[in-house]
Amino acid sequence: MLRTAACLALSSLLLGAPVIVRAEDAIWKAGVASTKITPEQSLWMAGYASRTKPSEGVAQDLFAKALAISDANDRKVVFLTLDLIGVPRTMRETLAAKLHQKHGLPAESLLMNASHTHCGPELRGSRITVNPGDDAKALNAAYAVELEQKLFETVERALANLTPSKLGYSHARCGFAMNRRLPSPKGYQNSPYPEGPVDHNVPIIRVESPDGQLRAVLFGYACHNTTLGFYEFCGDYAGYAQEYLQEAHPDVTALFMLGCGGDQNPYPRGKLELAQQHGRSLANAVETALLPTPTPLTGTLATALETVVLEFAPPASREELDVQAKSANKYEASHAKRLIEQLETRGKIDVEYPYLIHGVRLGNELTLVALSGEVVVDYSLRLQREWSKPGSALWVAGYSNDVFGYVPSRRVLNEGGYEAGGAMLYTGFPGPFAPDVEERIVGGVHRAWERLAQP
């Protein structure tokens with residue numbers, strides 16, 4: 001039956017007619033669902049340590065969206081995209097456990113990705129530290145509980161809506177992202193660096209009904225979602241790109257998946273109209289990717305979830321931490337106090353981190369690798385160079401499943417600066433990663449590729 005469907009499709013292409021696949025011959029099923037997750041009250045916001053007050057309104061609603069895909073063998077994967085700063089690992093684990101218990105969905109079949117908007121609610125109570133009021137943490141915690149239930153229901157609706165579908169892959173380019181690690185006599189500054197590495201690729205998966213009607217589009221881009229820093233909830237450029245695509249295609253769900261943009265910023269930035277302009281640029285790139293005949297995704301689905309242990313550089317001694325805890329720099333002092341608390345409550349400072357690597361193979365033509373944390377662009381560029389499967393494309397995403405902090409490459413780690421270790425001041429981690437961080441992660445990706453290649 002599958003050979004018959006393929007022959008029909010080839011004949012239609014040769015004759016110039018639209019490709020129409022009978023529903024009973026479709027090798028894929030897909031379902032989509034979308035849920036508004038904008039907080040209904042003022043909450044402390046995420047993304048900038050300099051914030052001094054909670055939100056003051058809504059510029060654009062925030063959404064969680066699910067795309068569920070099933071192959072002819074009933075193997076499934078769910079892409080769950082969020083207009084949020086990140087994915088707390090505990091939230092992913094709770095959601096995965098509930099989906100496995102009720103629907104039998106394996107943990108490796110749930111891929112969560114955050115747009116990393118800096119104009120969404122804070123999900124991490126430890127980040128609410130600037131005297132925001134006695135009830136701020138409680139309000140944000142209550143929102144997180146409600147969010148978990150909404151995410152569960154969103155995935156359930158997508159799974160319930162699985163219908164015969166065609167999947168296709170294409171890509172285009174978009175140019176507003178720029179490397180933000182500008183070398184200077186004082187080190188690497190957070191400023192536009194046009195000579196730095198970038199990844200301007202815009203990969204897409206298009207989901208169509210058997211008769212060729214577009215139902216959903218999943219698209220990616222490697223750029224921090226940080227055009228804005230005001231006190232209104234907003235999806236930033238990624239939110240506007242999705243909004244504009246859905247306005248142009250009223251019956252289509254547009255889902256955004258952030259790439260390896262840890263060291264990339266949208267430029268210019270700072271104003272709402274600039275977020276809208278960048279959103280329009282990205283939406284236009286997706287429209288461009290929709291123009292050519294896509295590469296049909298054929299075959300079966302495979303998923304793999306790898307965990308690699310990353311090590312941190314040796315932490316400061318207790319004596320050094322005692323000195324740092326008295327620092328005039330409040331962030332350095334807070335960081336030292338968190339590490340001292342680890343010493344006093346656990347007897348040691350954690351010097352390892354279990355890092356998640358997610359692989360998804362969609363047929364024979366597309367493999368997607370989703371990396372945890374705020375991954376710098378070097379990872380995407382390197383993995384693209386090392387991918388050696390002719391006739392198959394590779395899509396590399398970051399900010400997936402567990403957004404815990406920055407993940408530098410060896411180059412960035414050696415150069416130093418914010419992404420290399422400076423941002424650790426805002427976490428409970430002891431300091432920068434060990435020099436082998438890149439090799440450990442890339443080794444884990446290669447193991448995931450091997451698992452995905454198995455029948």
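**View A. Tyr 426 is partly exposed, at a relative accessible area of 26%.** Tyr 418 is also partly exposed, with a value of 35%. For relative accessible area, buried means under 20%, exposed means over 50%, and partly exposed lies in between, using a 1.4 Å probe and protein chains only. The model is predicted: local features need pLDDT of at least 70 and side-chain atom pairs count only at pLDDT 80 or more, while totals for chains, interfaces and linings use all residues. Residues are numbered from 1 along each chain as its sequence is written, and side-chain values use heavy atoms, leaving out hydrogens and water.

**View B. The structure contains 15 aromatic pairs.** Rings of Phe, Tyr and Trp (its six-membered ring) pair if their centres lie within 6.5 Å; planes under 30 degrees apart count as stacked, over 60 as edge-to-face, and the rest as tilted. In one of these pairs, the ring centres of Tyr 353 and Phe 404 are 4.5 Å apart with 40° between the planes, so the pair is tilted. Tyr 353 belongs to strand β15 (residues 352–362) and Phe 404 to the loop between β18 and β19, so the pair ties together parts 51 residues apart in sequence. Both Tyr 353 and Phe 404 are buried. Tyr 418 and Tyr 426 make a tilted pair too, at 6.4 Å centre to centre and 50° between the planes. One aromatic cluster is formed by Phe 312, Tyr 353, Tyr 355, Phe 404, Phe 429 and Phe 433. Helices (H or I, at least four residues) and strands (E, at least two) are DSSP runs, numbered from the N terminus.

**View C. Ser 400 lies in the loop between β18 (393–397) and β19 (406–407).** Ser 400 is buried, its relative accessible area being 0%. Leaving aside residues up to four places away in sequence, Ser 400 touches Leu 111, Met 112, Asn 113, Ala 370, Leu 371, Ser 372 and Gly 373. A contact means heavy atoms within 4.5 Å.

**View D. Helix α3 runs over residues 136–160.** Its 25 residues should span 36 Å at 1.5 Å a residue, and its end C-alpha atoms are 36 Å apart, which agrees. The expected span is 1.5 Å times one less than the number of residues in the helix. Buried residues of α3 include Ala 136, Tyr 143, Leu 147, Leu 151, Phe 152 and Leu 159. Among the elements that cover the buried residues of α3 are β1 (28–36), β2 (63–70), β3 (76–82), α2 (89–103) and β4 (110–114).

**View E. Helix α4 (residues 236–248) includes Asp 236.** The 13 residues of α4 reach 19 Å from the first C-alpha to the last, close to the 18 Å expected. Asp 236 has a positive phi of about 60°, although it is not a glycine. Asp 236 is buried at a relative accessible area of 0%. Other buried residues of α4 include Tyr 237, Tyr 240, Tyr 244 and Leu 245. The cover over the buried residues of α4 includes β2, β10 (214–221), β11 (253–258) and α5.

View F. Tyr 267 and Pro 268 are joined by a cis peptide bond, with omega about -10°.

**View G. The whole structure has zero disulfides.** Cys 174 is in no disulfide, and the nearest cysteine sulfur, that of Cys 223, is 8.6 Å away. A disulfide is a pair of cysteine sulfur atoms within 2.5 Å. For Cys 223, the closest cysteine sulfur is that of Cys 174, too far for a bond at 8.6 Å. Cys 174 is buried at 6% relative accessibility, and Cys 223 is buried at 0%.

**View H. Charged ends sit over the rings of Tyr 231 and Tyr 188.** The charged end of Lys 53 is 4.9 Å from the ring centre of Tyr 231. The charged end of Arg 181 is 4.7 Å from the ring centre of Tyr 188. A charge counts as over a ring if NZ of Lys or CZ of Arg is within 6 Å of the ring centre and within 35 degrees of the ring normal.

**View I. Over residues 1–18, pLDDT stays under 50.** pLDDT is the predictor's confidence in each residue, from 0 to 100. The model gives residues 1–18 eleven contacts beyond four places in sequence. Where pLDDT is low, predicted coordinates should not be read in detail. The chain has a mean pLDDT of 92, and 92% of its residues reach 70 or more.
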